[in-house]
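Please look at the sequence and the structure shown here, and keep both in view while reading. The paragraphs after them are meant to be followed slowly, with one part of the chain at a time in mind.

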Amino acid sequence: MKILKFGGTSVGSAHNMRLVANLISAEEPKMVVLSAMSGTTNKLVEIANKLYQQQTKEALDLTENLHKIYREVINELYTTEKKKFAALDFLLSHIDFIKSLATGPFSIREERAILAQGELLSTHLFQFLLEELNQNSVLLPALSFMRIDENEEPDLTFLEEELTALLAKYPQSNLFITQGYICRNAFGEIDNLKRGGSDYSASLIGAAVQASEIQIWTDIDGMHNNDPRVVPDTYPIAELSFDEAAELAYFGAKILHPSSVLPAKQKNIPVKLLNTMQPEAKGTTISAQSSGKSIKAVAAKDGIVAINVKSSRMLLAYGFLRRIFEVFEEYKTPIDMVTTSEVAVSLTIDNTKYLPEIIAELKEFGSVQVDTDQTIICLVGDSIEEVPGTTLKIFKSLKDIPLRMISYGGSKNNISLLIATADKKQALKALNTGVFERIAEHA
Ligand code: ADP
Ligand code: ASP
Ligand code: MG
């Protein structure tokens, strides 16, 4: 079985939904994972925010606006009155549900239920379309098999068991549709896999059914060597290893959810990144193989906080780093970069939920300095240290940009640099011409 995930833009209009219906029409077994139509989840977040602020009228207006947008899509999408009515009816029941949450207490539970509406709508509208096109497909509810545990980690055993049992009910079917992003949590409530989480759903499902391939269909022709939102001259990379792709996803390449590579890597399932609007483009294939030694891409992750702890007690002492790391462990806050000197350690985090508590505890070790609005620039490739001149090219490119931290040698796959977010654009552009030969040759 192949898993095909289509992102927000790919299902973002009646026209694109039809493109997707055409792309999936071949005979081999397929599970299609859909995101919400583009813009929907942002709108649902907005509605939830208004409800938190008790701005009921604004929330209802936004909901009615969503209703209108979807009515237009429905009118364009179906040719038969029967399907149009069925879809409008379905839409109305979900709009009414959102509106029903506008009265009464509003908590994170109601918020998550609202956020789930985007994927529920897109999958049902798509299923109606397939029915109208006489394509034999089965809509499987993700809320019945996708579950996270108390630590918000996916419950893989549950997923595998439930999904296998569900698929066994339809031995005659070759085409399954399901929702990305949404799941239940350890309490059985509606929850989600965090923003951009449909990629993660696809990869978890792929791993659960031991798929032959996971395809992530989006609005660009694969993983590019640099952030196309920031740098104009970027190009797609044909092949990446799981490790390279995971680093890029984690350090800001938005095309993939940060956690989505690992399940595929663990089951050695190739992942293809493809363009719905340009299906003939080669895209990127992510597999266990690396396509050679060199820097392949750069990504940037914003919202980073750097913490520096300076203490003369660190000099010639052992156990010091362990005690510092324990503070972060206590607050379940992952550390991304670390650099040390004889009397100080600098580390970065992106989850600032417990920052005040962490700083208070770190102050017991010595003086603590915190820098916000930082960005990690992560250069990713294979056996980087074996390619002479690589670091020279990087530092030459960034000669005018202050570097707050440098991390090199932690793995063969990456060099990370910490800079002020204000310098990000300049840094990514300078690296594009300074490090990537293909760009330099044409510059
Ligand atoms: P989808 O809705 O299909 O999940 P996303 O918006 O989440 O799509 O991801 C695709 C977008 O990721 C692209 O349109 C592009 O702007 C952005 N992006 C950021 N970095 C990269 C990169 N290195 N390569 C390709 N796309 C990238
Ligand atoms: N709809 C969700 C989001 O916008 C999940 C996804 O698109 O992957 O974050
Ligand atoms: Mg995405």
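What follows is a walk through this structure, from its overall division to some single residues.

This is a predicted model, in which local features need pLDDT of at least 70 and side-chain atom pairs count only at pLDDT 80 or more, while totals for chains, interfaces and linings use all residues. Residues are numbered from 1 along each chain as its sequence is written, chains are lettered from A and ligands numbered from 1 in the order in which they are written, and side-chain values use heavy atoms, with hydrogens and water left out.

The protein chain is divided into domain 1, covering 2–219, and domain 2, covering 297–442, where the bounds come from an automatic or database domain assignment. Taken over C-alpha atoms, the centres of domain 1 and domain 2 are separated by 37 Å.

Helices (H or I, at least four residues) and strands (E, at least two) are DSSP runs, numbered from the N terminus.

Which strands are joined to β4 by bridges? Strand β2 (residues 30–34) runs parallel to β4 and is joined to it by 5 bridges, with Phe176 in β4 as the bridge partner of Met31. Strand β3 (residues 138–140) is also parallel to β4, with 3 bridges joining them, and Leu139 has Ile177 in β4 as its bridge partner. The chain passes from β3 through helix α7 (residues 156–168) to β4 in a β-α-β crossover that is right-handed, a word that applies if, with the strands pointing away from the viewer, the path from the first strand over the helix to the second runs clockwise. Two strands are said to pair if DSSP finds at least two bridges between them.

The next strand to find is β7, residues 213–218, which is largely enclosed by the rest of the structure because 6 of its 6 residues are buried. Glu213, Gln215 and Trp217 lie on one side of β7 and Ile214, Ile216 and Thr218 on the other, and all are buried, so that both faces are covered. Strand β1 (residues 2–6) pairs with β7 in the parallel sense over 5 bridges, and the bridge partner of Lys5 in β7 is Ile216. Strand β9 (residues 271–275) and β7 likewise pair in the parallel sense over 5 bridges, with Asn275 in β9 as the bridge partner of Thr218.

Some residues also carry an annotation. In an unreviewed entry, UniProt lists Thr41 and Glu119 under "binding site"; such positions are given in the numbering used here, feature names are shortened, and annotations may be inferred rather than shown by experiment. Although these positions are spread over 79 residues of sequence, they cluster in space, with a largest C-alpha distance of 8.6 Å.

Thr41 has its place in helix α2, residues 40–52, and counts as buried because its relative accessibility is 9%. Leaving aside neighbours within four places in sequence, Thr41 is in contact (heavy atoms within 4.5 Å) with Ala36, Leu115, Glu119, Tyr181 and Arg195. Glu119 has its place in helix α6, residues 117–132, and is buried, with a relative accessible area of 3%. A polar atom of the Glu119 side chain lies 2.8 Å from the backbone nitrogen of Ala36.

Ser311 lies in the loop between β11 (294–310) and α11 (320–330), and is buried, with a relative accessible area of 5%. A polar atom of its side chain lies 2.9 Å from the backbone oxygen of Phe365.

Finally, two loop residues deserve a look. Glu152, in the loop between β3 and α7, has a positive phi of about 65° although it is not a glycine, and at 43% relative accessibility Glu152 counts as partly exposed. Gln210, in the loop between α8 (198–208) and β7, has a positive phi of about 50° although it is not a glycine, and at 46% relative accessibility Gln210 counts as partly exposed.

Note on methods
Buried means under 20% relative accessible area, exposed over 50%, partly exposed in between (1.4 Å probe, protein chains only). A polar contact is a pair of N or O atoms within 3.5 Å; within protein, one must be able to donate a hydrogen and the other to accept it, and residues adjacent in sequence count only if both atoms are side-chain atoms.
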